[in-house]
Amino acid sequence: MSRELTMLQAIQEALDLKLADDERVVLLGEDIGVNGGVFRATDGLLAKYGEKRVIDTPLAESGIIGTAIGMALNGMVPVAEIQFLAFIFPGLEQLLSHAARMRHRTRGQFGVPMVIRTPYGAGIRGPELHSESVEAFFAHTPGLKVVVPSSPYDAKGLLISAIEDPDPVVFLEPTRIYRAFREEVPGGLYRVPLGQAKVVREGEDLSIFAWGSMLRTALRAAEQIEQERGWRCEVIDLRTLYPLDRETIITSVQKTGRALVVHEAHKTAGLGAEIISLINDEALLYLRAPVKRIAGFDVPVPMFSVEDDYLPTEARIRQGIEETILF
Amino acid sequence: MSIPFEHLQWMYETMVKIRTYEERLVEAYAEGKYPVFNIGAGPVPGEMHLAAGQEPAAVGICVHLKPEDTVTAPHRPHHHAIAKGVDLRRMTAEIYGKATGLGKGKGGHMHLFDPATKFSCGGIIAAGMPHAAGAALASKMRGKDWVAVAFIGEGAANQGAFHETLNLAALWKLPLVVVIEDNRYGISVPKALSTAVERNDARAAAYGIPGYYVADNDVLEMYRVSREAVERARRGEGPSLIEIETYRYLGHFQGDPEVYRAKEEVPGLREKDPIRRLREHLLAQGVAEQDMAAWEARAKAAVDEAFAFARDSEYPAPEAALEDVFAASEV
Ligand SMILES: Cc1ncc(C[n+]2csc(CCOP(=O)(O)OP(=O)(O)O)c2C)c(N)n1
Ligand SMILES: [Mg+2]
């Protein structure tokens with residue numbers, strides 16, 4: 001069976017299938033039950049699985065993440081929803097100091113098989129703290145895996161893999177493309193493995209690395225530049241930000257000799273820096289130009305009247321491509 | 001306890017102003033967003049949390065405050081801001097994202113900051129509480145009699161920050177009043193599903209401070225208990241906690257399909273409307289209809305003027321997005 005779904009529907013389906021497939025799986029979070037989540041990602045699941053499997057929690061992120069850890073240590077597989085990424089901040093202590101470290105701290109005796117799902121990124125005219133992309137915090141923390149889907153198909157397959165993963169996974173869902181487009185998504189369980197990037201568009205002249213909603217912006221820029229200039233950019237969706245798919249990144253740069261990283265997160269100490277460092281380590285002598293970052297600015301994501309000036313645009317990416325190729 | 005006439009008048013006029021304001025925003029917010037709800041469209045994009053019905057919580061305590069007193073408010077902040085005396089024109093311009101707004105149009109409706117009235121608010125639940133305690137501590141250390149009032153929703157009373165703040169405010173005898181607006185829900189989750197006690201005033205006992213409960217959105221009762229709490233804080237005798245049972249007439253946010261409550265709920269609440277009840281009280285006290293009509297007209301005129309100002313103002317320049325990260329920012 002195969003139909004066209006939005007990313008939100010694909011996520012809902014992954015949760016539904018894992019609830020049915022594995023009785024250890026439990027969903028918890030604010031407004032995920034009766035309301036079906038503020039974005040409706042858990043719509044209908046309370047009615048289907050009951051309040052022991054789909055739990056509306058008090059408004060307490062530290063409590064949500066902390067109790068998820070306790071459940072995970074005791075035979076359950078919690079999938080916690082944090083309503084918006086920035087609302088994870090009151091719970092960071094539990095996530096960074098405990099979920100991430102438990103396996104190492106207990107010298108491998110305990111693992112924390114849990115997933116934290118949360119809407120991520122800007123572009124929906126949200127106010128401050130509703131548009132964060134702080135993936136670098138998590139990628140920087142040993143013990144956490146970090147996943148960002150950019151399509152409905154991947155969202156479903158990656159979320160299933162994340163739920164089945166023995167370690168904590170931060171699953172970042174780009175709100176801008178939650179409902180932006182549909183694509184064919186097979187019914188039933190299938191997996192997209194964590195830690196594998198995907199070459200979404202092949203090219204020989206420059207490699208663009210992106211993820212989440214920036215993937216589509218980067219793709220459009222690549223198409224435009226091919227029409228305008230005839231340059232063919234390879235576009236790679238990293239999909240998992242920790243662990244990075246080093247091989248796919250390096251293979252592409254060895255082929256094209258030029259690279260550009262696009263992310264909506266602030267530029268300073270964003271993941272772009274890590275990717276450039278990896279390229280330096282593994283492919284420096286293949287480079288024909290410095291690797292650029294097209295990123296958000298080093299300011300809190302501003303509100304609607306200036307949001308579009310904050311986010312990387314096709315025009316900014318095209319300019320980055322030109323500067324790199326004409327270097 | 002008798003209530004001075006000018007306090008009654010002020011509370012009535014301010015409640016009317018708040019209600020008019022929120023209802024005007026319902027319309028302004030809806031512009032351009034339908035037929036298929038698009039949160040990013042129209043002159044006021046983004047989320048919008050309105051407080052129609054919750055006026056007593058704000059006016060019943062702010063009537064006792066001075067400009068030097070601090071107020072922190074949550075994500076549903078208009079009634080508090082108006083009651084604290086924040087400039088309505090600049091507040092509205094902020095909501096419209098205009099450069100003339102309180103935050104240069106870069107904050108929006110949940111981020112209203114006004115040094116003149118020591119008002120602030122923010123979108124992170126319970127985050128304002130410790131800030132209010134800090135303001136109270138600063139007031140105490142600087143030898144002032146200024147108090148701080150932290151408004152939160154009943155959902156916020158389950159955050160760690162709530163309990164941490166109450167403990168240290170009680171420990172240090174801070175001039176702080178915490179007002180919990182129990183409007184029944186945190187978004188969709190009813191209080192009984194989120195809160196281990198039926199009434200949050202019970203939690204005051206855990207910190208050894210006075211706890212008050214105001215039933216049925218009663219503005220006169222809110223006035224009375226708030227006076228006690230604010231006076232106690234001003235005398236340096238420490239914090240208090242007030243929970244008021246209040247009513248949210250509109251959705252959690254505009255566009256909320258409200259699947260979590262029965263359709264009859266809101267009409268039932270509106271029957272007990274606090275503005276009408278105060279109006280009846282004033283009539284019974286012998287206040288003339290035409291006097292009240294004049295106050296109502298003044299409130300509406302202020303709202304009209306604020307919206308006109310906001311609509312006529314300019315958007316910030318794109319470069320403004322880069323400013324104000326640090327003092328003398330030059331990114
Ligand atoms: C730390 C944090 N978690 C979650 C949210 C999302 N959120 C916004 S309002 C709200 C409900 C708040 O309920 P309550 O405190 O009762 O205030 P009310 O909306 O009823 O005025 C939630 C969960 C948030 N803003 N901040
Ligand atoms: Mg509430």
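Which residues come nearest to ligand 1? I am working from a predicted model. Of the 21 residues around ligand 1, I noted A:Phe87, B:Ile125, B:Gly153, B:Gly155 and B:Gly186 as the ones that come nearest.

**Entry 1: ligand 1**

I looked up where the ligand sits, and ligand 1 lies between chains A and B. I then asked which strands of chain B each supply at least two residues of the shell around ligand 1. They are strand 3 (148-153) and strand 5 (185-186). I sorted the shell by class and wrote down nine nonpolar, eight polar and four charged residues.

**Entry 2: where the chains touch**

I next looked at the contact between the chains. On the chain B side I found 37 residues, in contact with 27 residues of chain A. The side of chain B that touches chain A has 19 nonpolar, 16 polar and two charged residues.

**Entry 3: the domains of chain A**

I read that chain A is divided into domain 1, covering 2-186, and domain 2, covering 198-325. How far apart do the C-alpha centres of the two domains of chain A lie? I noted 26 Å. I also noted that 27 residues of domain 1 of chain A are in contact with 23 residues of domain 2 of chain A. On the side of domain 1 of chain A that touches domain 2, helix 6 (135-139), strand 6 (145-147), helix 7 (152-164) and strand 7 (169-174) each supply at least two residues. By class, I listed 15 nonpolar, five polar and seven charged residues on that side of domain 1 of chain A.

**Entry 4: strand 4 of chain B**

Is strand 4 of chain B, residues 176-182, largely enclosed or open? I found that seven of its seven residues are buried, so strand 4 of chain B is largely enclosed by the rest of the structure. In a regular strand the side chains alternate between the two faces of the sheet.

Strand 3 of chain B pairs with strand 4 of chain B in the parallel sense over six bridges, and B:Val149 stands opposite B:Val177. Strand 8 (residues 240-245) of chain B also pairs with strand 4 of chain B in the parallel sense, over six bridges. There, B:Val179 stands opposite B:Ile242. I also noted that strand 3, helix 6 (residues 160-171) and strand 4 of chain B make a right-handed β-α-β unit.

**Entry 5: backbone exceptions**

Most residues other than glycine have a negative phi, and most peptide bonds are trans. I looked for exceptions.

- The peptide bond from A:Tyr242 to A:Pro243 is cis, with omega near 0°. I placed A:Pro243 in the loop between strand 12 (240-242) and helix 9 (246-256) of chain A.
- The peptide bond from B:Tyr34 to B:Pro35 is cis too, with omega near 15°. I placed B:Pro35 in the loop between helix 1 (5-30) and helix 2 (55-62) of chain B.
- A:Arg107 has a positive phi of about 50° and lies in the loop between helix 5 (102-105) and strand 5 (115-120) of chain A. I counted A:Arg107 as exposed because it has 7 C-beta neighbours inside 10 Å.
- A:Ala269 has a phi near 60° and is in the loop between strand 13 (259-266) and helix 10 (271-283) of chain A. With 13 other C-beta atoms within 10 Å, I put A:Ala269 down as partly exposed.

Key: Residues numbered from 1 in each chain as written. Chains lettered and ligands numbered in written order. Predicted model: local features only at pLDDT ≥ 70, side-chain atom pairs only at ≥ 80, totals over all residues. Domains from an automatic or database assignment. Contact = placed C-beta atoms within 7 Å. Helix = DSSP H or I, 4+ residues; strand = E, 2+ residues; numbered from the N terminus. Nonpolar A, V, L, I, M, F, W, Y, C, P; charged D, E, K, R; others polar. Near = placed C-beta within 6 Å. Buried ≥ 20, exposed ≤ 12 C-beta atoms within 10 Å, placed from the backbone. Pairing = 2+ DSSP bridges. Right-handed = clockwise from strand over helix to strand, strands pointing away.
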